[in-house]
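Good morning, and thank you for making time for this presentation. Please keep the sequence and the structure in view while I speak.

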Amino acid sequence: MRSNNSIQPPILLKTILDILYILLIISIISSLILFILTLIFSEKIPFSVKINEYEIEEFSAAIIFGMSLKFLISGIFIYIIYLLRKVVRSFFKRKLFTALQISGLKLIGQLLIAGSLAEMALDFVMKLTIENKASVGINIDGSFDSLWFTLALGLFFILLSKSFSYAAKLQDENELTV
């Protein structure tokens, strides 16, 4: 019989993150291999490629640079999932407010913000190279794919890491007084 005060590990979250991580690794590796093979063997792309809503048909230096940046941004996202998996797995040890959790949450937030800004910069560069025009504007999108939502999520993870840090200090003080 379990007590209500015991911490239950997030098994469903761990499983979803594990599946997502494996699928993303397979996806990025296969895409990277396909990109390199296409780059080596032909100048014309034999399949449909989209980078931030732009249909790419031929390789140019700017397109190769843009696709490389897109792979880097995808790598950042995969690393965020990896860190999230590590933080979630640390909850299975039934310890809260550890240094791993605090630094992991902070790094996840920072990477979310950096990845979002890199995605925005990539969109600007692709618009400049493909459409030969530069435009800056604010887009309010109501989905989870929104830049503003991702920035807010990154800031939330940073705030959560600060909360964990504060709670760790309180926990240490509490253990010293007992």
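This is a predicted model: local features need pLDDT of at least 70, side-chain atom pairs count only at pLDDT 80 or more; totals for chains, interfaces and linings use all residues.

Ser146 caps the N-terminal end of helix 4, with a side-chain oxygen 3.2 Å from the backbone nitrogen of Trp148. Helices here are DSSP runs of H or I with at least four residues, strands are runs of E with at least two, and both are numbered from the N terminus. Residues are numbered from 1 along each chain as its sequence is written, and side-chain values use heavy atoms, with hydrogens and water left out.

Let me stay with helix 4. This helix covers residues 147-177, and its 31 residues should span 45 Å at 1.5 Å a residue; the end C-alpha atoms are 45 Å apart, so the two values agree. The expected span is 1.5 Å times one less than the number of residues. Which residues of helix 4 are buried? They are Thr150, Leu151, Gly154, Phe157, Ile158, Ser161, Phe164, Ala167 and Ala168. By buried I mean under 20% relative accessible area; exposed means over 50%, and partly exposed lies in between, with a 1.4 Å probe and protein chains only. The buried residues of helix 4 pack against helix 2 and helix 3.

From helix 3, Ser116 touches Leu147, Thr150 and Leu151, not counting residues up to four places away in sequence. Contact here means heavy atoms within 4.5 Å. Ser116 counts as buried because its relative accessibility is 7%. Leu122, also in helix 3, counts as buried at 0% relative accessibility. The C-alpha atoms of Leu122 and Gly66 are separated by 6.7 Å, although these residues are 56 apart along the chain. Helix 3 itself runs over residues 99-130; its 32 residues should span 46 Å at 1.5 Å a residue, and its end C-alpha atoms are 45 Å apart, which agrees. Helix 3 is followed by Asn132, whose phi is positive, near 55 degrees.

I turn now to helix 2, residues 61-91, where Ser90 is found. Is Ser90 buried or exposed? Ser90 is buried, because its relative accessible area is 6%. Its side chain is joined to that of Gln101 by a polar contact of 2.9 Å. A polar contact is a pair of N or O atoms within 3.5 Å; within protein, one must be able to donate a hydrogen and the other to accept it, and residues adjacent in sequence count only if both atoms are side-chain atoms. Leaving aside neighbours within four places in sequence, Ser90 is in contact with Lys95, Leu100 and Gln101.

Next, the charged residues. How many salt bridges does a search of the whole structure find? It finds four, a salt bridge being a side-chain nitrogen of Lys or Arg within 4 Å of a carboxyl oxygen of Asp or Glu. Lys14, Asp18, Arg85 and Arg89 are linked in a network of salt bridges. Asp18 pairs with Lys14, the closest N and O atoms being 2.8 Å apart. These two are separated by about one helical turn, because they are four residues apart in helix 1. Arg85 forms a salt bridge with Asp18 at 2.7 Å between the closest N and O atoms. That pair links distant parts of the chain, with Arg85 in helix 2 and Asp18 in helix 1, 67 residues apart. Both Arg85 and Asp18 are buried. Arg89 also forms a salt bridge with Asp18, the closest N and O atoms being 3.3 Å apart. Here too distant parts of the chain are linked, Arg89 in helix 2 and Asp18 in helix 1 being 71 residues apart. Arg89 is partly exposed, with a relative accessible area of 37%, and Lys14 is partly exposed at 24%.

Finally, the overall picture. The secondary structure comes to four helices and two strands, in the pattern α-β-β-α-α-α along the sequence. Buried residues make up 29% of the 178 residues. Of the contacts with a separation of 6 or more, 70% are between residues 24 or more positions apart. Thank you for your attention.
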